[in-house]
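Have the model open while you read.

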Amino acid sequence: MAKTKELSKDTRNKIVDLHQVGKTESAIGKQLGLKKSTVGAIIRKWKTYKTTDNLPRSGAPRKISPRGVKMITRTVSKNPRTTRGDLVNDLQRAGTKVTKPTISYTLRRQRLKSCSARRVPLLKPVHVQARLKFAREHLNDDWENVIWSDETKIELFGKNSTRRVWRTKNAELHPKNTISTVKHGGGNIMLWGCFSAKGPGRLIRVKEIMNGAMYREILSENLLPSARALKMKRGWVFQHDNDPKHTARATKEWLRKKHFKVLEWPSQSPDLNPIENLWRELKVRVAQRQPQNITALEEICMEEWAKIPATVCENLVKTYRKRLTSVIANKGYITKY
């Protein structure tokens, strides 16, 4: 049953005033647009307690005192990995005996919720400083003239499928409501791809273990054709991360001879590369088509990559400045991107 809205103090006082001048409960209800039962309850309360104010309600007192709440809140703020058991012991030493569910309820009232810790790249102080420097120096760059690139692995039966289903009780094992899994993901393929604000560039499958020579061959065969297809402006910039294959002396020399302008990249910064978002888009699209073998997986990857709208790429690049401001706001640490 829905909870009724509480009457204002003015309305309650008006009911009493009208009652005192001799009006009936029905007449008062009609005049104020209230139910007769509501008017009667207010009048009875006034006759009994000589007030229309809310009276103290009954209920069990809170197990943890305000001082205890402050103590456990301060503890988890300093160390978010503190367990409920640790907090129970802390309170017990202070003379308060509570259960773990009470700890959870109390912290939720303080807007603190137990969540799985997010896995992020390990950032050393040198990485944090490099990320800050990158964000500050490139805040106003022309990101629409950058080609972003990366490699990714896509598993045949990976973790990119939808995880929630609508089903009836006891139907959890119906084939429509399950996700098939096999050991080691059932095989996978490695892809190299690139994109710019104008849309996806080339996507190719890497069929062997990639080394520096193979990486340079991939760039030789796919980078310039992608730049031409994307109609990049003169002086466009190439982005890749600091993988050893990318930063090898031979690769740097090859890029220099080809006169490619390369964006200096801070290590441990996948959140700064918008192609990671594009990979996620691709993996979700591929999982929805449920490929059953490696050949189908490769074909579907190519088809879905080509279907990604240019507007998706445009929006990723258009909002890139926000990533940099987030890095600055987070003092160089990992951002939500």
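## A pair at the sheet's edge

Phe238 sits opposite Val262 in S5. The strands involved are S4 (residues 237–239) and S5, which pair in the parallel sense over 2 bridges. Strands here are DSSP runs of E with at least two residues, helices are runs of H or I with at least four, and both are numbered from the N terminus; two strands pair if DSSP finds at least two bridges between them.

This is a predicted model, where local features need pLDDT of at least 70 and side-chain atom pairs count only at pLDDT 80 or more, while totals for chains, interfaces and linings use all residues. Residues are numbered from 1 along each chain as its sequence is written, and side-chain values use heavy atoms, leaving out hydrogens and water.

## The whole sheet

Zoom out and you get an open sheet of 5 strands, ordered S3-S2-S1-S4-S5, with mixed pairing. Strand S3 (199–206) and strand S5 (261–262) are the edges, each with a single partner strand, so one side of each has no neighbour in the sheet.

## Helices across the strands

Helix H11 (residues 275–289) lies across S1 (146–155), S2 (188–196) and S3, at about 40° to S1. Helix H12 (residues 294–307) also lies across S1, S2 and S3, running at about 165° to S3. Axes are lines fitted to C-alpha atoms, for helices over the stretch in contact (heavy atoms within 4.5 Å), and angles run from 0 to 180 degrees between N-to-C directions.

## H1 against H3

H1 (residues 9–20) packs on H3 (residues 36–49) at about 80°, axes 10 Å apart. That makes H1 roughly perpendicular (65 to 115 degrees) to H3. Arg12, Ile15, Val16, His19 and Gln20 in H1 meet Val39, Ile42, Ile43, Trp46 and Lys47 in H3.

Notes
Angles under 35 degrees count as roughly parallel, over 145 as roughly antiparallel, 65 to 115 as roughly perpendicular and the rest as oblique.
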